[in-house]
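Keep the sequence and the 3D view open, and try each task before you look at its solution.

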Amino acid sequence: MTPIVLIPGLLCTAEVFAPQVAALWPHGPVTVANTLTGETMADMAAAILAEAPPRFALAGLSMGGYVALEIMRQAPERVVKLALISTQALPDTPEQSEQRRTFVALARKAKFATVLRHAMSTMHHPDRRDDADLAAVNLRMGLTVGVEGLARQTAAIIGRPDSRPTLPAIRVPTLVLVGDSDPLMPPQRSHDMAAAIPGARLVVVPQCGHATTLEQPAAVNQALVEWIKD
């Protein structure tokens, strides 16, 4: 069986992949990578590679997708399959970077839990924005990562490179998955990314925002199980 490494997104812990760990476990040992160390995407990728099996299937969610693409630059020979979930290959625009810095500044001076509740509700599909259970998971994860974790991860995101030039070099079976109503990663970016990766499969999850693994776990599980079994 193929070992599977999952990389969480910004302000996420292993809990963001709880439904997927259960679904993927019969198909190979599953590890959720730790993103709580490292100052850059390159640092995070190197730390994950140091702990990962010699060869593995790799899936990254949002920020985790940025790290996954960095791993594909550092050690492509170690990755046997790739899944890019709710993510993109584009770098930040200056405006996006400034918005991120403003959010970190607000998180430092306001009540962090209140800031998290507001920010995280806006990333879900409209049908899920009043879902108390989903909100509780997001709040729990964000508080675990903490303000300093947010600041460090944000700096790494701002400093990430443009991954578009390296997409055609990816030569492993690749799944690109996105929610149809993702307000942070418009689905067109996933279409473009899938088109640039030779043989990539694109899955657009209906009635889903940015938090795909938690908003529509059954659909994501199905796509990932098909990906790992192919």
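**Exercise 1. Describe the surface, size and burial of the chain.**

Start with the surface: the chain has an accessible surface of about 10000 Å², and 58% of that belongs to carbon and sulfur atoms. Areas come from the Shrake-Rupley method with a 1.4 Å probe, and for residues only the protein chains shown count as cover.

Before the next step, note that this is a predicted model, in which local features need pLDDT of at least 70, side-chain atom pairs count only at pLDDT 80 or more, and totals for chains, interfaces and linings use all residues. Residues are numbered from 1 along each chain as its sequence is written, and side-chain values use heavy atoms, with hydrogens and water left out.

Next comes size: along the principal axes, the C-alpha atoms fill a box of roughly 45 × 35 × 30 Å. A compact globule with 230 residues would have a radius of gyration near 17 Å, and the chain agrees with its 16 Å. The radius is taken over C-alpha atoms, and the globule rule is 2.2 Å times the number of residues to the power 0.38.

Then burial: 51% of the 230 residues are buried (buried means under 20% relative accessible area, exposed over 50%, partly exposed in between, with a 1.4 Å probe and protein chains only).

**Exercise 2. Count the helices and strands of the chain.**

The chain has nine helices and six strands. These are DSSP runs numbered from the N terminus: helices are H or I with at least four residues, strands are E with at least two.

**Exercise 3. At what angle do α4 and α6 pack, and which residues meet?**

Two packed helices are described by the angle between their axes and the distance between the axes. Axes are lines fitted to C-alpha atoms, for helices over the stretch in contact, and angles run from 0 to 180 degrees between N-to-C directions.

Helix α4 (residues 94-109) and helix α6 (residues 132-158) pack at about 170 degrees, with axes 10 Å apart. That makes α4 roughly antiparallel to α6 (under 35 degrees is roughly parallel, over 145 roughly antiparallel, 65 to 115 roughly perpendicular, and the rest oblique).

Now list the contacts, meaning heavy atoms within 4.5 Å. From α4, the residues include Phe103, Val104 and Arg108; from α6, they include Glu148, Leu150 and Ile157. By class, the contact of α4 with α6 has eight nonpolar, two polar and four charged residues. Ala, Val, Leu, Ile, Met, Phe, Trp, Tyr, Cys and Pro count as nonpolar, Asp, Glu, Lys and Arg as charged, and the others, Gly among them, as polar.

**Exercise 4. How do the axes of α4 and α5 cross?**

The axes of α4 and helix α5 (residues 112-121) come within 7 Å and cross at roughly 140 degrees. The two helices are therefore oblique to each other. Phe103, Leu106 and Ala107 in α4 meet Phe112, Val115 and Ala119 in α5. This contact divides into six nonpolar, no polar and no charged residues.

**Exercise 5. Which phi values do Leu11 and Ser86 have?**

Most residues other than glycine have a negative phi, and most peptide bonds are trans.

Leu11 has a positive phi, near 60 degrees. Leu11 lies in the loop between β1 (4-7) and α1 (18-24), and counts as buried at 4% relative accessibility.

Ser86 also has a positive phi, of about 50 degrees. Ser86 lies in the loop between β4 (79-85) and α4, and is buried with a relative accessible area of 0%.
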